[in-house]
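The following note sets out points for a colleague's review. Please read each point beside the model.

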Amino acid sequence: MRVSPLKVEPGLLQKLCHDHYEWQSEANASSPAFILHDGPPYANGDLHMGHLLNKVLKDIINRERMLRGFRVIYQPGWDCHGLPIELKAAQLESERARKQAAGEGTPPSPEVA
């Protein structure tokens with residue numbers, strides 16, 4: 001017997017992502033709310049183990065609060081306020097300044113400084 005992910009995955013996704021939260025909303029409707037506001041994902045450079053630890057700990061906290069009877073509301077954040085592009089611009093500028101100090105490349109642009 002072969003299992004096709006195309007047939008199993010939609011039902012599994014519905015059960016794990018949607019039905020679970022709908023059940024929680026109905027079961028804990030009169031309970032006090034616990035709201036976890038999460039920050040933007042991966043705003044400080046490339047992915048590393050700290051990102052995994054951050055998400056796992058937040059999941060543990062949410063599950064623990066749900067088991068204690070709270071109505072858990074997880075609010076993901078997406079606004080990075082331009083941080084990734086600012087980090088990249090600073091990296092490019094420092095590379096350009098290093099090349100200029102070594103006598104190669106073009107001088108840094110005045111509007112970036």
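**Notes on the predicted model**

1. Trp78 counts as exposed, at 63% relative accessibility; here buried means under 20% relative accessible area, exposed over 50%, and partly exposed in between (1.4 Å probe, protein chains only). This residue lies in the loop between strand E2 and helix H3 (83-101). Trp78 and Gly39 are separated by 39 residues in sequence, yet their C-alpha atoms are 6.9 Å apart in space.

2. On the basis of the note: this is a predicted model, in which local features need pLDDT of at least 70 and side-chain atom pairs count only at pLDDT 80 or more, while totals for chains, interfaces and linings use all residues. Residues are numbered from 1 along each chain as its sequence is written, and side-chain values use heavy atoms, with hydrogens and water left out.

3. The chain contains three helices and two strands, where helices (H or I, at least four residues) and strands (E, at least two) are DSSP runs numbered from the N terminus. Along the sequence they follow the pattern α-β-α-β-α. Of the 113 residues of the chain, 14% count as buried. Among contacts (heavy atoms within 4.5 Å) with a separation of 6 or more, residues 24 or more positions apart account for 70%.

4. Helix H2 (residues 49-67) has 19 residues and spans 27 Å from first to last C-alpha, close to the 27 Å expected at 1.5 Å a residue; the expected span is 1.5 Å times one less than the number of residues. His51, Lys58, Asn62 and Met66 are buried in H2. These residues cover an arc of only 75° around the axis, which puts them on the same side of H2; the arc is taken from the directions from the helix axis to the C-beta atoms. Met49, Arg63 and Leu67, on the other side of H2, are exposed. Just after H2, Gly69 adopts a positive phi of about 100°.

5. E1 runs parallel to strand E2 (residues 71-75), and five bridges join the two; strands pair if DSSP finds at least two bridges between them. Ala33 stands opposite Arg71 in E2.

6. Which aromatic contacts deserve attention? The structure holds one aromatic pair, by the criterion that rings of Phe, Tyr and Trp (its six-membered ring) have centres within 6.5 Å, with planes under 30 degrees apart counted as stacked, over 60 as edge-to-face and the rest as tilted. The rings of Phe34 and Phe70 have centres 6.4 Å apart and planes at 65°, so the pair is edge-to-face. This pair links distant parts of the chain, 36 residues apart: Phe34 in E1 and Phe70 in the loop between H2 and E2. Phe34 is buried, with a relative accessible area of 19%, and Phe70 is partly exposed, at 23%.
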